[in-house]
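Student: I would like to go through some of the terms used for a protein model and ask what stands behind each one.
Tutor: Then let us look at the model first.

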Amino acid sequence: MAESIITEEIISHHEPVISFRDAEIMNGETPVIYGLSMDVYPGDFVYIVGKVGTGKTSIIRTMIAENKLEKGTCSICGFQVNGIRDKEIPFLRRKIGVVFQDFQLLMDRTVHDNLEFVLRATGWKDTEKVDKRIEEVLASVGMTSKAHKMPHQLSGGEQQRIAIARSLLNEPEVIIADEPTGNLDNDTADGIMQLLTGINRSRGTAVVMVTHNRSIFEKYPGRVMVCRNESCEELK
């Protein structure tokens with residue numbers, strides 16, 4: 001029994017949670033990256049870097065099925081993004097945690113109600129389980145005491161911690177973070193990076209992070225994909 005469990009773990013670790021093959025990444029109607037091939041495995045921390053306009057965020061939007069993929073293939077957490085049907089997209093997004101630069105919290109609701117909204121929208125019905133899960137994710141980001149606060153009562157760093165807590169609600173296989181430190185000062189950004197790398201190490205959750213900040217991926221090492229000249233390739 002123990003051998004079979006170990007074997008299953010080894011096999012699952014070698015199945016990528018994200019896989020692109022010869023993908024043409026679009027920004028609207030315009031191709032911005034040709035022939036993207038990349039794999040992200042459980043436990044990976046992958047940076048996507050490059051100058052403005054090189055297609056970094058377009059890759060992220062393709063991953064969450066905001067941008068269509070018409071050439072090449074992409075599988076995310078068992079879903080084929082190329083040709084995905086609209087009704088499948090919410091199920092795909094439940095497997096992914098997304099963290100944005102501008103937090104995207106609902107400003108007219110408390111922290112607790114922001115998180116409850118996501119859980120209810122993704123099928124959670126039992127109020128006791130909802131409250132317990134909210135307490136768990138807030139504890140994991142050091143924000144237990146902020147559940148009753150409104151977003152405008154929080155600092156930028158605290159709002160981003162809540163956004164990370166939100167991304168963890170449905171125990172995602174991968175967290176996709178688009179410039180999550182872009183609006184934060186250096187010390188606050190450092191705290192967010194410690195949080196993300198800690199989640200990556202302790203849970204084995206893959207993280208894909210877009211950043212333009214070279215000091216971040218030098219201080220917190222991971223795999224680095226560089227977007228330039230209409231391509232995106234791993235830095236060796």
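Tutor: This is a predicted model. We can begin with the second largest pocket, which holds about 260 Å³ of space.

Student: Which residues line the second largest pocket?
Tutor: The lining includes Val49, Lys51, His212, Arg214, Phe217 and Arg228. Strand E3 (45-50), helix H8 (214-219) and strand E9 (223-228) each give at least two residues to this lining. E9 contributes the most, with three.

Student: What makes a residue of the lining of the second largest pocket nonpolar, polar or charged?
Tutor: The residue type decides. Lys and Arg are among the types that count as charged, so Lys51, Arg214 and Arg228 fall in that class. By class, the lining has five nonpolar, three polar and three charged residues.

Student: How do you know that Glu179 is buried?
Tutor: Its relative accessible area is 11%. Buried means under 20%, so Glu179 is called buried. Glu179 sits in the loop between strand E7 (174-178) and helix H7 (186-203).

Student: Why is there no salt bridge at Glu179?
Tutor: Lys56 has the nearest side chain of opposite charge, and it is 5.0 Å away.

Student: What joins the side chains of Glu179 and His212?
Tutor: A polar contact of 3.0 Å joins them. The cut-off for such a contact is 3.5 Å, and the value lies within it. His212 also belongs to the lining of the second largest pocket.

Student: What is the phi of Glu179?
Tutor: It is near 50°, a positive value in a residue other than glycine. Glu171 also has a positive phi, about 45°, and is not a glycine. Glu171 lies in the loop between H6 and E7.

Student: Why is Glu171 called exposed?
Tutor: Glu171 has a relative accessible area of 60%. Exposed means over 50%, so the word applies to Glu171.

Student: What is the volume of the largest pocket, and which residues lie nearest its centre?
Tutor: The volume is about 530 Å³. Arg93, Ile96, Val98, Val118 and Arg166 lie nearest the centre, out of 18 lining residues. Helix H3 (89-94), strand E6 (96-99), helix H4 (111-121) and helix H6 (156-168) each give two or more residues to that lining. By class, the lining has nine nonpolar, five polar and four charged residues.

Technical notes: Residues numbered from 1 in each chain as written. Predicted model: local features only at pLDDT ≥ 70, side-chain atom pairs only at ≥ 80, totals over all residues. Heavy atoms only, no water. 1 Å grid on protein atoms, 1.4 Å probe; cavity = no way out; pocket = protein on both sides within 12 Å on 5 of 7 lines; lining within 4 Å. Points joined across faces, edges and corners; volume = space filled by probe spheres on them. Helix = DSSP H or I, 4+ residues; strand = E, 2+ residues; numbered from the N terminus. Buried < 20%, exposed > 50% of the residue type's maximum accessible area, 1.4 Å probe, protein only. Lys, Arg positive; Asp, Glu negative; His and termini not counted. Salt bridge = Lys/Arg side-chain N within 4 Å of Asp/Glu carboxyl O. Polar contact = N/O pair within 3.5 Å; in protein donor to acceptor, adjacent residues only side chain to side chain.
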